[in-house]
Amino acid sequence: EVEEAKRREEKRLRRMEKKRRKAQCKPYYSDYSPARLFIHKMCTSHYLDLFITVVIGLNVITMAMEHYQQPKILDEALKICNYIFTIIFVLESVSKLVAFGFRRFFKDRWNQLDLAIVLLSI
């Protein structure tokens, strides 16, 4: 019982020390240029996530509109929409690569999936 309490106390002290060291370190983006810092703030914004979610929803709707023997005008409109969506997704991936850097970007599995989908859509 005493040994277990001692182990728990040591573990608690190690966690506190780790938190203290982390609090003293400056964030990874503190040395970014103003332009890159702006891109970083934009990429970590919840508004970008909402915007991309809306764009994905619109993309799904436009893909669902395609049907057999559709009019040429609809075919052209859907093709243009597809190009626009692809450009938006490419810009999102490139801006996240710039904002986070390669190592931090590829640590996140969602970013890996996004990049794979974007590369397949090109």
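Which helix does Val-90 lie in? Val-90 lies in helix 4. The model is a predicted one. This report starts with the overall fold and then returns to single residues.

## Overall fold

The protein has five helices and zero strands. Read from the N terminus, the order of elements is α-α-α-α-α.

The radius of gyration is 23 Å. A compact globule of 122 residues would come in near 14 Å. Along the principal axes, the C-alpha atoms occupy a box of roughly 80 × 40 × 25 Å.

## Burial, surface and contacts

How much of the protein is buried? Buried residues account for 21% of the 122 residues. The accessible surface is about 10,300 Å². Carbon and sulfur atoms supply 65% of that surface.

Contacts between residues at least 6 apart in sequence can be sorted by their separation. Of these, 57% join residues at least 24 apart.

## Charge

The protein carries 22 positive and 14 negative charges.

## Aromatic pairs

How many aromatic pairs are there? The count is four. One of them joins Tyr-28 and Tyr-29. This pair is edge-to-face, with ring centres 5.1 Å apart and 90° between the planes. Tyr-28 is partly exposed, at 33% relative accessible area. Tyr-29 is also partly exposed, at 32%.

Another pair joins Phe-102 and Phe-106. Here the rings are stacked, 6.4 Å centre to centre, with 5° between the planes. Why are these two residues about one helical turn apart? They sit four residues apart in helix 4 (residues 72-107), so about one helical turn separates them. Phe-102 is exposed, with a relative accessible area of 60%. Phe-106 is partly exposed, at 35%.

Ring pairs also build a cluster. Its members are Tyr-28, Tyr-29 and Tyr-32.

Ser-93 lies in helix 4. Is Ser-93 buried or exposed? Its relative accessible area is 4%, so Ser-93 is buried. Leaving aside residues up to four places away in sequence, Ser-93 touches Phe-105, Asp-114, Leu-115 and Val-118.

Val-90 is in helix 4 too. Val-90 is partly exposed, with a relative accessible area of 25%. Which residues does Val-90 touch, not counting those up to four places away in sequence? Val-90 touches Val-118 and Ile-122.

## Helix 4: Asp-75

Asp-75 is placed in helix 4. Its relative accessibility is 34%, so Asp-75 counts as partly exposed.

How far is Asp-75 from Asp-31 in space? The separation is 48 Å, C-alpha to C-alpha. In sequence, Asp-75 and Asp-31 are 44 residues apart.

Asn-59 is found in helix 3. At 13% relative accessibility, under the 20% cut-off, Asn-59 counts as buried. Which residues touch Asn-59, once those up to four places away in sequence are set aside? The contacts of Asn-59 are Phe-85 and Phe-89.

Where is Gln-69? Gln-69 sits in the loop between helix 3 (46-64) and helix 4. Gln-69 is exposed, at 66% relative accessible area. Its backbone stands out for a positive phi, near 55°, in a residue other than glycine.

Notes:
Residues numbered from 1 in each chain as written. Predicted model: local features only at pLDDT ≥ 70, side-chain atom pairs only at ≥ 80, totals over all residues. Heavy atoms only, no water. Rg over C-alpha atoms; globule rule 2.2 N^0.38 Å. Buried < 20%, exposed > 50% of the residue type's maximum accessible area, 1.4 Å probe, protein only. Contact = heavy atoms within 4.5 Å. Areas by Shrake-Rupley, 256 points an atom, 1.4 Å probe, with all protein chains shown as cover. Lys, Arg positive; Asp, Glu negative; His and termini not counted. Charge placed at Lys NZ, Arg CZ, Asp CG, Glu CD. Phe/Tyr/Trp six-rings, centres within 6.5 Å; stacked < 30°, edge-to-face > 60°.
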